[in-house]
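The sequence and structure come first, and the notes follow.

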Amino acid sequence: MKLYPENQIKGKSKVNKKILVLSSSPRRGGNSDLLCDQFINGSTEAGHLAEKIFLKDKIINYCTGCGTCIDKKKSCSQKDDMTEVLDKMVAADVIVMATPVYFYTMCAQMKTLIDRTCSRYTEITNKEFYFIVTAADNDTQAMERTIEEFRGFTYCLDGSEEKGIIYGVGAWNKGEIKGKPAMEEAYQSGKSV
Ligand SMILES: Cc1cc2nc3c(=O)[nH]c(=O)nc-3n(C[C@H](O)[C@H](O)[C@H](O)COP(=O)(O)O)c2cc1C
């Protein structure tokens, strides 16, 4: 087995981490999706195992707030692709959450996924998190509201650790992120997981 010194130095880190990348843009090959791929390129080159889920490919319905999972302690009453996504979130060591910025907040697909973790969020423990945001705006500071939304989620998860943020700013059109610093940042973040 190949050992990676950088991982050994970190002590608590391990090789072959399981990385789950949640790509929520409705634009396949869009800016945040490209940054997800860069992250994956870096992390797999470093010896980790990465899988991307393109949320638009999945049927994930809204949480209905029915209370079945919270009040009755039963599994979610909805039978859709969230079952499989939740299994993967629970099994992952690292979770990357990528969203386009819509009206200075996360997109609806990502929020829908977060709400649907309700039945199993207490099992999503001790994960390392990376956030990827893309926006037309060049102002990184203006992305903080969206990042805070992600933090609202990870605040609810025991042992979660925020490891990095990739700001894909200044990109409006699909693919415009190519050539911007965020591409290299995403690759390097993946590499240094
Ligand atoms: C509905 C909608 C709302 C948007 N709102 C914002 C916004 O508030 N601020 C901003 O800078 N860009 C905004 N944008 C631009 C997108 O964030 C930008 O095109 C981004 O690169 C999309 O990422 P994607 O290619 O991964 O989908 C918006 C785009 C759409 C379609």
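Does Gln78 count as buried or exposed? Gln78 counts as buried because its relative accessibility is 17%, where buried means under 20% relative accessible area, exposed over 50% and partly exposed in between (1.4 Å probe, protein chains only). The model is predicted: local features need pLDDT of at least 70, side-chain atom pairs count only at pLDDT 80 or more, and totals for chains, interfaces and linings use all residues. Residues are numbered from 1 along each chain as its sequence is written, and side-chain values use heavy atoms, with hydrogens and water left out.

**Ligand site**

- The ligand is surrounded by 16 residues, and Ser25, Asn31, Ser32, Val101 and Ala171 are the closest; a residue is near a molecule if one of its heavy atoms lies within 4 Å of it.
- By class, the shell around the ligand holds nine nonpolar, five polar and two charged residues (Ala, Val, Leu, Ile, Met, Phe, Trp, Tyr, Cys and Pro count as nonpolar, Asp, Glu, Lys and Arg as charged, and the others, Gly among them, as polar).
- The largest pocket is where the ligand sits.
- A pocket is an open set of points on a 1 Å grid over the protein atoms alone, where a 1.4 Å probe fits, with protein on both sides within 12 Å along at least five of seven lines; a molecule sits in it if more than half of its atoms lie within 2 Å of its grid points.

- In the side chain of Thr134, an N or O atom is 2.9 Å from an oxygen atom of the ligand (a polar contact is a pair of N or O atoms within 3.5 Å).
- Polar backbone atoms also lie by ligand oxygen atoms: one of Tyr104 at 3.0 Å and one of Ala136 at 3.2 Å.
- Of the 640 Å² of accessible area that the ligand has on its own, the protein covers 82% (Shrake-Rupley method, 1.4 Å probe).

**Loop residues**

- Gln78 belongs to the loop between strand 2 (49-54) and helix 3 (82-91), and its side chain reaches the backbone oxygen of Tyr62 at 2.6 Å.
- Helices (H or I, at least four residues) and strands (E, at least two) are DSSP runs, numbered from the N terminus.
- Most residues other than glycine have a negative phi.
- Phe103, not a glycine, has a positive phi of about 50°; it lies in the loop between strand 3 (94-100) and helix 4 (108-115) and counts as exposed at 83% relative accessibility.
- Asn126, not a glycine, has a positive phi of about 55°; it lies in the loop between helix 4 and strand 4 (128-134) and is exposed, with a relative accessible area of 57%.

Methods: Polar contact = N/O pair within 3.5 Å; in protein donor to acceptor, adjacent residues only side chain to side chain. 1 Å grid on protein atoms, 1.4 Å probe; cavity = no way out; pocket = protein on both sides within 12 Å on 5 of 7 lines; lining within 4 Å.
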